[in-house]
Amino acid sequence: MKKEKIETENKKSISTQIAIIGGGLAGLACSIRLAKAGLEVILIEKNTYPFHRVCGEYISNEALDYVKSLGINPFDFGAVSLDKFWLSSPSGNKLELDLPLGGFGISRYTLDYELSKIAKKEGVEIWDGIFVKDVLNTNKLNDTNKKNESKFLIETSNGTIGSQIVIGSYGKRSNLDNKLQRDFSSKNFPYIGVKYHLKTDLMPNNVIALHNFWRGYCGISRIEDDKFCFCYLSHKDNLTDFKKVENIEKQLFTDNPFLSKILKEAEFLYEKPEIINQISFSPKKLIEDDILMCGDSAGMITPLCGNGMAMALHSSKILSDLLINHFDNQISFKSLKKEYQKRWNHQFQLRLKAGRTVQHFFGGRKSSEFLINTFKHVPSVARKVVSLTHGKSF
Ligand SMILES: Cc1cc2nc3c(=O)[nH]c(=O)nc-3n(C[C@H](O)[C@H](O)[C@H](O)COP(=O)(O)OP(=O)(O)OC[C@H]3O[C@@H](n4cnc5c(N)ncnc54)[C@H](O)[C@@H]3O)c2cc1C
């Protein structure tokens with residue numbers, strides 16, 4: 001009762017040039033670049049920093065220079081280099097590969113928190129612990145976006161924000177997808193994601209491993225502080241059949257000798273795992289009602305590619321460059337939308353398609369066995385798949 005009263009008294013109504021909904025990597029990176037360019041930015045995040053989230057926490061090196069350009073060197077915070085890849089089938093048939101570009105491991109708890117501190121320092125007004133309930137485009141017909149006029153009204157749990165531009169970087173699935181009646185929002189999606197941190201001496205420090213189990217796969221790799229991230233994607237039918245995630249692990253991980261050993265011998269550091277459901281890899285519209293989508297809310301690549309964070313960061317670069325030009329009067333809003341779509345398709349469309357195709361081979365006993373044997377006998381196919389699902393440094 002008391003809390004509600006305080007919240008009501010503190011409710012705000014303010015306006016800004018750019019409002020960013022969602023403070024994951026896409027939103028934080030956009031906010032830092034836009035604030036560095038002198039623009040007024042409010043970023044709204046429903047959780048309070050720092051916090052854990054479901055993610056494999058392996059970042060492709062294609063994003064390293066960009067992350068550094070935002071003001072953080074992940075290796076100063078304990079990031080670990082990863083340059084080898086292991087892939088196993090549910091029965092334990094294992095493939096080992098060198099990763100040509102490689103990546104690094106760092107927890108989202110640390111990375112997102114450090115980026116949020118940089119954003120604050122650059123002048124971004126961060127509303128964390130605040131939930132966006134709805135976004136209203138008050139001038140749908142005006143495609144030109146008059147400067148200094150708020151075209152959008154954002155209703156949050158902390159009051160209302162008027163904004164000239166809205167970036168939707170709210171991740172894979174949100175209440176806002178329903179509010180915006182996005183094409184995929186009424187569908188049910190068949191995947192759940194589960195994450196733990198653990199300590200183990202069963203894994204080398206430089207390896208990212210992907211171990212298949214029936215209707216799912218699990219990634220394991222090093223992060224900071226001698227910890228490993230252990231994160232899996234499972235078809236929701238496993239949850240229907242086994243009722244709880246603990247039962248999925250007990251019943252299905254035991255078939256795969258690598259998973260079984262880790263499950264038995266590693267020290268799991270959380271009491272409970274982080275869990276998300278309703279994960280969608282369907283194509284999405286990049287711009288909805290003039291809201292510019294960025295990161296997973298624009299399109300999500302299957303986690304087996306280990307490329308979602310790099311893509312979220314890359315899309316933030318493309319979008320923030322265009323927005324800086326827009327506020328500099330170099331490009332109209334109409335042209336910005338066209339150019340954003342063009343550059344986004346060029347960078348990501350093929351990668352998302354390749355990720356969806358390869359995912360069909362994962363989580364099946366015969367199909368993952370077939371994939372691993374093909375990669376073993378024709379290594380050039382494995383190299384081609386890695387190159388199709390990854391980009392270049394940006
Ligand atoms: C199981 C699994 C494993 C993965 N492993 C990897 C990996 O190893 N490597 C890799 O590169 N990628 C991986 N990914 C993908 C990666 O996590 C995403 O691509 C990346 O996090 C996208 O960043 P984002 O900023 O778009 O979204 P997010 O990081 O999801 O951030 C969105 C933010 O928006 C906030 N939000 C949502 N709705 C609202 C609202 N209404 N109001 C306020 N805030 C809101 C959320 O709280 C969240 O913080 C994995 C994904 C899954 C599901």
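**Figure 1. Glutamate 57 sits in the loop between β2 and β3.** The model shown here is predicted. Glutamate 57 is not a glycine, yet its phi is positive, about 65°. Its relative accessibility is 0%, so glutamate 57 counts as buried. Proline 50 belongs to the loop between β2 and β3 (58-60). A cis peptide bond links tyrosine 49 to proline 50. Omega of that bond is about -5°. Glu57 is also one of the residues that arginine 108 touches.

**Figure 2. Arginine 108 lies in helix α4 (residues 108-121).** Its relative accessibility is 8%, so arginine 108 counts as buried. What does arginine 108 touch, not counting residues up to four places away in sequence? The list is Gly24, Leu25, Phe51, Arg53, Cys55, Glu57, Tyr113 and Met309. Leu25 is itself a buried residue of α2.

**Figure 3. Helix α4 has 14 residues.** From first C-alpha to last, α4 reaches 20 Å. That is close to the 20 Å expected at 1.5 Å a residue. Which residues of α4 are buried? They are Arg108, Thr110, Leu111, Asp112, Glu114, Leu115, Ser116, Ile118 and Ala119. The cover over these buried residues includes α2, β3, α3, β6 (125-128) and α9. Glycine 123 follows α4. The phi of glycine 123 is positive, near 105°.

**Figure 4. Helix α2 (residues 25-36) is largely enclosed by the rest of the structure.** Eleven of its twelve residues are buried. They are Leu25, Ala26, Gly27, Leu28, Ala29, Cys30, Ser31, Ile32, Arg33, Leu34 and Ala35. What covers them? The cover includes β1 (12-21), β2 (41-45) and β9 (159-168). It also includes the helices α3 (64-70), α4 and α9 (308-327). At 1.5 Å a residue, α2 should span 16 Å. Its end C-alpha atoms are 16 Å apart, which agrees. Just after α2 comes glycine 38, with a positive phi of about 90°.

**Figure 5. Serine 89 is found in the loop between β4 and β5.** Buried or exposed? Serine 89 is buried, with a relative accessible area of 0%. Its side chain makes a polar contact with the side chain of glutamate 369, at 2.9 Å. Neighbours within four places in sequence are left aside in the next list. Serine 89 is then in contact with Asn212, Asn256, Ser368, Glu369 and Ile372.

**Figure 6. Helix α11 (residues 365-377) has 13 residues.** It reaches 19 Å from its first C-alpha to its last.

**Figure 7. Glutamine 181 is found in the loop between α5 (175-179) and β10 (191-199).** Its phi is near 50°. That is a positive value in a residue other than glycine. Buried or exposed? At 67% relative accessibility, glutamine 181 counts as exposed. Glutamate 57, also with a positive phi, counts as buried.

**Figure 8. The whole chain sets the close-ups in context.** Its secondary structure comes to twelve helices and 17 strands. The C-alpha atoms fill a box of roughly 60 × 50 × 40 Å along the principal axes. For 394 residues, a compact globule would have a radius of gyration near 21 Å. The chain has 21 Å, which agrees. Of its 394 residues, 55% count as buried. Among contacts with a separation of 6 or more, 73% join residues 24 or more positions apart. The accessible surface comes to about 17,600 Å². Carbon and sulfur atoms account for 50% of that surface.

Note on methods
Residues numbered from 1 in each chain as written. Predicted model: local features only at pLDDT ≥ 70, side-chain atom pairs only at ≥ 80, totals over all residues. Heavy atoms only, no water. Helix = DSSP H or I, 4+ residues; strand = E, 2+ residues; numbered from the N terminus. Expected span 1.5 Å × (residues − 1). Rg over C-alpha atoms; globule rule 2.2 N^0.38 Å. Buried < 20%, exposed > 50% of the residue type's maximum accessible area, 1.4 Å probe, protein only. Contact = heavy atoms within 4.5 Å. Areas by Shrake-Rupley, 256 points an atom, 1.4 Å probe, with all protein chains shown as cover. Polar contact = N/O pair within 3.5 Å; in protein donor to acceptor, adjacent residues only side chain to side chain.
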